Amino acid sequence: MRPKILVGEQHIVKVRDLEIGNPGKPIIMAGPCSVESREQIFQTAKAVKAAGAHILRGGVFKPRTSPYAFQGMGKEGLLLMREAADAVDMPIVTELMDESNLDLVYKYADIIQIGSRNMFNYSLLKVVGELDKPILLKRGMSATIQEWILAAEYIAASGNKDVILCERGIRTFDTYTRNTLDLAAVPILKMETGLPVIVDPSHGTGIRELVEPMSKAAMACGADGLMIEVHIDPDNALCDGPQSLTPEQFGKLVQAIK
Ligand code: PEP
Ligand code: MN
């Protein structure tokens, strides 16, 4: 089954004055895995903005493997993130896990993220397909490119063509890295759909030292942007510290990309 709507020329997704999918103008989304406190998100927002990020990322409803792990700050975290982003005039992207928080996330987020675990949640895809807000659709950790394209097509078929695809790695036999970052997907998706494609080398590798080289590789193969996890104190992060960059490391990465 081939997509019917998501075919053809390059589609640009507009978020305020940003154009995601504009060739030669990569968009960088950066921020913590999870919003943890007022101080953490305000400091991070300021630091990533100063370093050159365009969009603040941060999870408040977290899909954690263990039910005993930190589940995110919820509404309180979302309001803090909105405030921190407004203070530095940045749009935000955050994950919507289920329909129960739809109104809340719609109200405060500029881009709604559908995480890897929900890429196959067709009823949720239909729901966000009815919104007039951009959707960042992460690749399912065991999704083929074809399944991923059809998941995007679900959103478009419900009316919302503002979909940004995010390659975040897939599960393979190799366990050295957290996931195997499939960069071949980038040019394939651009040929097949024309949608903006961004790359998340943080979840894609799980290893801080690999984030910069894989960011450069993503740019070299035509990605429209990056999603990078940044933490002011990675060693004490409540989630994904080993793959998070410090603001200084993030600043170096942005300079290297430029
Ligand atoms: C995230 O970006 O916070 C996240 C949970 O990523 P993924 O859905 O790709 O695992
Ligand atoms: Mn994370």
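## Basis of the model

Helices (H or I, at least four residues) and strands (E, at least two) are DSSP runs, numbered from the N terminus. This is a predicted model, in which local features need pLDDT of at least 70 and side-chain atom pairs count only at pLDDT 80 or more, while totals for chains, interfaces and linings use all residues. Residues are numbered from 1 along each chain as its sequence is written, chains are lettered from A and ligands numbered from 1 in the order in which they are written, and side-chain values use heavy atoms, without hydrogens and water.

## Two loop residues

V35 sits in the loop between strand 3 (27-31) and helix 1 (38-51). V35 is buried, at 0% relative accessibility. Buried means under 20% relative accessible area, exposed over 50%, and partly exposed in between (1.4 Å probe, protein chains only). Leaving out residues up to four places away in sequence, V35 touches Q40, I41, G58, G59, V60, F70, M73, G77 and M81. Contact here means heavy atoms within 4.5 Å. The C-alpha atoms of V35 and R57 are 9.1 Å apart, and the two residues are 22 residues apart along the chain.

D110 occupies the loop between helix 3 (102-108) and strand 6 (111-114). D110 is also buried, with a relative accessible area of 15%. Its side chain makes a polar contact of 2.8 Å with the side chain of R82. The D110 side chain also reaches the backbone nitrogen of I92, at 2.7 Å. A polar contact is a pair of N or O atoms within 3.5 Å; within protein, one must be able to donate a hydrogen and the other to accept it, and residues adjacent in sequence count only if both atoms are side-chain atoms. Beyond four places in sequence, D110 touches V15, R16, R82, P91, I92, K133 and P134.

## Nonpolar cores

In soluble globular proteins, nonpolar side chains tend to be buried together. A nonpolar core is a set of buried Ala, Val, Leu, Ile, Met, Phe, Trp, Tyr and Cys residues joined through side-chain atoms within 4.5 Å. The largest one holds 66 residues, and L56, L137 and F250 touch the most other members. Helix 5 (residues 145-157) gives the most to this core, with 7 residues.

F250 touches I28, A30, V48, A51, A53, I228, V230 and L245, not counting residues up to four places away in sequence. Another core lies apart, with 14 residues, including I27, I55, I164 and C166.

## Aromatic rings

The whole structure has 2 aromatic pairs. Rings of Phe, Tyr and Trp (its six-membered ring) pair if their centres lie within 6.5 Å; planes under 30 degrees apart count as stacked, over 60 as edge-to-face and the rest as tilted. F120 and Y122 are edge-to-face, because their centres are 6.4 Å apart and their planes at 85°. Y122 and Y154 are stacked, because their centres are 4.5 Å apart and their planes at 25°. Y122 lies in helix 4 (residues 122-129) and Y154 in helix 5, so this pair ties together parts that are 32 residues apart in sequence.

Ring pairs link F120, Y122 and Y154 into a cluster. F120 is partly exposed at 33%, Y122 at 32% and Y154 at 31%.

## Ligand 1

Residues around ligand 1 (a heavy atom within 4 Å) are R57, K62, P63, E95, Q113, G115, S116, R117, K138, R168 and H203.
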